[in-house]
Every structure is written in C-alpha cells, then in structure tokens.
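Please read the following walk through a single chain with the model open beside it. The text starts with the order of the elements and ends with individual residues.

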Amino acid sequence: MAYRRRNGSDTWHWCSNCSNWPTTNYDERPTKPAGGDLCNECKGKDAAGTCKK
Ligand SMILES: [Zn+2]
C-alpha cells in the first residue's frame, strides 16, 4: 500500500480504512516517507491488525 498525505498536511496515512485517508488532493509515495509525521490512527490499526492496505 502506498503512503498518502493530504496537501497542506504533514501526516502520512497508509491504511485505506483510516477515517482520515485522503482521497482527493493528496501526495502519494510508494514507500515509507523519510519526513513528516505518521498517522496515529493508522498506527493503531496496524497494531490491532485492522489496517486495510
Ligand atoms: Zn491515517
């Protein structure tokens, strides 16, 4: 799954079922970005095994 960041935001998402998953106006990277913040909700989903990639 790619990493997405909404334009104007510093937070990267990688779970397509995150409530903040950007669907318009976003940057996408194929691999884990070196900079910026990682979404806490995506982290939580990953830890719980419910992250939909
Ligand atoms: Zn997220």
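From the N terminus on, the elements of the chain follow the order β-β-β-β-α. The radius of gyration is 10 Å, close to the 10 Å that the globule rule gives for 53 residues, so the chain is as compact as a globular protein of that length. The model is a predicted one. In total the chain has four strands and one helix.

The overall dimensions come next. The C-alpha trace spans about 30 × 20 × 15 Å along its principal axes. Of the 53 residues in the chain, 30% are buried. The chain exposes about 3,400 Å², and carbon and sulfur atoms supply 41% of that area. Among the contacts in the chain with a separation of 6 or more, 48% are between residues 24 or more positions apart.

Which cysteines does the disulfide join? The structure holds one disulfide, and its partners are Cys15 and Cys51, with an S to S distance of 2.0 Å. This pair links distant parts of the chain, 36 residues apart. Cys15 lies in the loop between strand S2 (11-13) and strand S3 (26-29), while Cys51 lies in the segment after H1. The torsion about the S-S bond of Cys15 and Cys51 is about -110°, so the disulfide is left-handed. Both Cys15 and Cys51 are buried.

Two further cysteines can be considered here. Cys18 has a relative accessibility of 6% and therefore counts as buried. For Cys42 the relative accessibility is 0%, so Cys42 counts as buried too.

Lys45 is placed in helix H1, which covers residues 40-48. Is Lys45 buried or exposed? Its relative accessibility is 16%. Buried means under 20% relative accessible area, so Lys45 counts as buried. What does Lys45 touch, leaving out residues up to four places away in sequence? The contacts of Lys45 are Cys15, Asn17, Cys18, Thr50 and Cys51. Among them are Cys15 and Cys51, the two residues that the disulfide joins. Cys18, which Lys45 also touches, is the residue described above at 6% relative accessibility.

Key: Residues are numbered from 1 along each chain as its sequence is written. This is a predicted model: local features need pLDDT of at least 70, side-chain atom pairs count only at pLDDT 80 or more; totals for chains, interfaces and linings use all residues. Side-chain values use heavy atoms; hydrogens and water are left out. Helices (H or I, at least four residues) and strands (E, at least two) are DSSP runs, numbered from the N terminus. Buried means under 20% relative accessible area, exposed over 50%, partly exposed in between (1.4 Å probe, protein chains only). Contact means heavy atoms within 4.5 Å. The radius of gyration is taken over C-alpha atoms; the globule rule is 2.2 Å times the number of residues to the power 0.38. Accessible areas come from the Shrake-Rupley method with a 1.4 Å probe; for residues, only the protein chains shown count as cover. A disulfide is a pair of cysteine sulfur atoms within 2.5 Å.
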